[in-house]
Amino acid sequence: DFRNKRRAMGPTHPALRTFGSSAIYGGFESKFDHRSVIHGPLYVGRRCTVRASAKIIGPSLLGAGTLLNTSAVFTRSILGDESQVDDLTVVKDSLIGRRTYIMSGAKLQHRLGLNGETITVSDERGGGFGKIRLERPKMGCVIGDDCVIGSNAALDPGTILLPGVRVPTGCVVPSGIYDQPALDRLIARLHDEVREEW
């Protein structure tokens with residue numbers, strides 16, 4: 001029965017592959033570890049690598065040349081070409097640009113809590129639109145091209161990073177729109193608060 005269904009899909013989706021009940025589209029020259037868990041649909045570019053115990057929940061998209069490393073969790077998200085998500089990272093409901101590197105243990109969060117609070121996004125660059133309250137209880141992060149997110153960093157729901165931003169290791173970034181100067185100001189303010197507490 002499976003062979004007949006696969007044969008029927010062949011002309012319209014020649015690159016369809018299935019892992020259990022999961023549908024994978026594309027993926028030419030890609031490598032999937034047999035211990036990874038994939039619940040499709042998943043759309044995959046060329047030469048992608050998904051390592052052991054990585055978990056992907058669709059609908060998701062992996063661009064060409066991407067890497068999901070060991071035990072990464074990738075849920076309903078888009079990963080741009082040549083980006084890497086390292087070990088034990090959690091990415092949910094997010095959009096990640098090209099050539100972005102997310103280091104081990106980073107968390108891109110997608111909800112504020114169980115109470116269904118709506119997400120507020122503020123423009124931290126100054127001179128922008130101020131604060132906007134989104135009528136959404138759930139929203140991930142938007143990460144621009146060429147960004148680096150350090151190990152164990154946590155990005156709150158609704159965080160938007162412009163291209164080229166580097167988030168330091170262990171930094172907690174509240175929701176808002178950030179370029180590099182705005183993020184540097186936030187980090188300096190957090191350091192001052194910690195010094196005052198000491």
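Is Tyr-25 buried, partly exposed or exposed, and what is its relative accessible area? In this predicted model, Tyr-25 turns out to be partly exposed, with a relative accessible area of 24%. Buried would call for a value under 20% and exposed for one over 50%, so 24% puts Tyr-25 in between.

Tyr-25 also has a partner. The structure holds 1 aromatic pair, and the rings involved are those of Tyr-25 and Tyr-43. A pair like this is described by the distance of the centres and the angle of the planes. Here the ring centres sit 5.0 Å apart and the planes meet at 15°; planes under 30 degrees apart count as stacked, so that is the label this pair gets. Tyr-43 is partly exposed too, at a relative accessible area of 38%. As for where the two sit, Tyr-25 belongs to strand 2 (residues 22-26) and Tyr-43 to strand 5, so the pair ties together parts that are 18 residues apart in sequence.

Leaving aside residues up to four places away in sequence, Gly-45 touches Gly-27, Phe-28 and Ser-30, along with Leu-62, Gly-63 and Ala-64. Gly-65 is 20 residues away from Gly-45 in sequence, yet the C-alpha to C-alpha distance between them is 7.1 Å.

Then there are the cysteines. The structure holds 0 disulfides. Cys-141 is buried, with a relative accessible area of 1%, and Cys-171 is buried as well, at 8%.

Key:
Residues are numbered from 1 along each chain as its sequence is written. This is a predicted model: local features need pLDDT of at least 70, side-chain atom pairs count only at pLDDT 80 or more; totals for chains, interfaces and linings use all residues. Side-chain values use heavy atoms; hydrogens and water are left out. Contact means heavy atoms within 4.5 Å. A disulfide is a pair of cysteine sulfur atoms within 2.5 Å. Buried means under 20% relative accessible area, exposed over 50%, partly exposed in between (1.4 Å probe, protein chains only). Rings of Phe, Tyr and Trp (its six-membered ring) pair if their centres lie within 6.5 Å; planes under 30 degrees apart count as stacked, over 60 as edge-to-face and the rest as tilted. Helices (H or I, at least four residues) and strands (E, at least two) are DSSP runs, numbered from the N terminus.
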